[in-house]
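Today I opened a new model and looked up two things. Here are my notes, for anyone who wants to follow along.

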Amino acid sequence: VVLVSLVSVPIDITISSIRALWNDEAFTALASTLPSHDLLHLVLTQRDAVNATYDILMRPYIFATGHGTLILRIPSSLFMAITCAGIMTIARSLVGRRVAIYTGLAFAFLPLVTGFGSEARSYALSAAVVTWSTWFLLQFLYNPRNVRRWAWCYAISLVVTGYVFLYAFIIVVVHLLVAAGDPKIRRRMRSLLLLQGGALIAVLPLALLSLRQHQEISWIPSGFFTMISNGVGVFVTPFWSGMSAAPYTELLALLAWGVIASGLYRLVNGTEWTSGARTAVRLGLAWILVPGALYSLASAIGPYFTLRYLVFCVPAAALLLGLAFAHIRSLVVRSGFAIALALLVVMVDTPLFSSAGKDGWGTTMQVLTAHSAPGEFVLPSPQIASYDYTFVARVTGLPQQMTLIVLGGTLPWSSLSSVRRWSSTDVPPTHVIWLVSRFGAIDCTELATLRRWGFTATSLFGTRTSPTYEFVSPLPVATPSLKIACSTP
């Protein structure tokens, strides 16, 4: 178990050292280094209550090691290894060692594990606590010895799950379905409900606080068509890396579900269809489908859910694949499926090796490093949403001792790196300002401000989704200017 669970660690660490941080990860670094009273004020009054536990856990780690890109992401790779050990332990206890090994290998190479095992957010930790909470559930239901001890472990693990990532608490529904589906253990349903009810009461304060901060996720789409899209996405997400790789992600999902269907058909119709196998299949299918289905329904009425919240369901995909591969008897067929899946995994994982990162900050830094000069200024756009870029700039720093323009006022948290900041509406003391955009959006307000300051766009660098414009003042003679499309948020 230990050896297989560590397979994913070097892969995650390799990717972690290549891909640039994005705004959510930079916010982790900032929040984790705030003074205690500032962090408490931020969590209770502004944002990120659902990730507060993770931020607190990261505080001593960052204090001891620093906040470099690789350093920030190493805990997530270790959390994924702990998750792998957990799902292998579950597989071994239900259906044996052979299935456990296949499950661990499948888990190690799933794109969702690779993508979020190399990201400094709470998703990998949520997968770990959910997996071990599920193991405690199985011990409580099926182990006749030390029932009281397993009950306490299960209840505490549910509370930890809720406080690590509130969305993952929905695993209690999966646990109820697993217990209700086995007539032999229905006698413990009442005790199970009492344990879950106690955990829910303990998690309720965080739920209420998060509800007050609902505007933080108001950007998430909602409505009928979003519900349909999310419903389909539930089947694809376990085989997604967190970055766009169409159509390979969809092809990988189709092939993986085909392998699962083929293997489970042979399992159900074979001689190994034991009570443990039935529990494993029931657990895997409920775990991978039910949370996403329920949250997809919720997305019809409001901006409550996005598919990356389902990272804690990825162990179920590994369990189902492990069951399937263990029961495909033909070595040729099994090898063919494995090779096809491996090739598609490589294609899905390819974007993870891009230094640009999820929101293009890596591209922006490459442009600024190559083309800027000391003393020049950087203006993120749109400023209304520029705190995202501001987080990253204040964590990673800016090249050439550049100055960051933050017109939205002062920020209620300190900087991790020595980044010069300009918050005045007066003309900055520079001849060049670099306008950087997140996802290609440019706010007309920033363009108007630059024109008022006397700056004109002369060059465009970067990509369509991460453009960086060079504005100069005064405009050199015979230098053509660029026309920039803008919008008002």
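**Ground rules.** I am working with a predicted model, so I keep in mind that local features need pLDDT of at least 70, side-chain atom pairs count only at pLDDT 80 or more, and totals for chains, interfaces and linings use all residues. Residues are numbered from 1 along each chain as its sequence is written, and side-chain values use heavy atoms, with hydrogens and water left out.

**Entry 1: a helix pair.** I looked up α9 (residues 123–142) and α11 (residues 171–180), which pack at an angle of about 30 degrees with axes 11 Å apart. Helices here are DSSP runs of H or I, at least four residues, numbered from the N terminus. Axes are lines fitted to C-alpha atoms over the stretch in contact, and angles run from 0 to 180 degrees between N-to-C directions. α9 and α11 are therefore roughly parallel (angles under 35 degrees).

I then asked which residues make the contact (heavy atoms within 4.5 Å). α9 brings V130, S133, T134, L137 and L141, while α11 brings I171, H175 and A179. By class I noted 5 nonpolar, 3 polar and no charged residues.

**Entry 2: the second largest pocket.** A pocket is an open set of points on a 1 Å grid where a 1.4 Å probe fits, with protein on both sides within 12 Å along at least five of seven lines; lining residues have an atom within 4 Å of a point. I found 17 lining residues, with L105, A106, F325, A338 and L341 nearest the centre. α17 gives the largest share, 6 residues. The lining's classes are 16 nonpolar, no polar and 1 charged.

Note on methods
Helix = DSSP H or I, 4+ residues; strand = E, 2+ residues; numbered from the N terminus. Parallel < 35°, antiparallel > 145°, perpendicular 65-115°, else oblique. Nonpolar A, V, L, I, M, F, W, Y, C, P; charged D, E, K, R; others polar.
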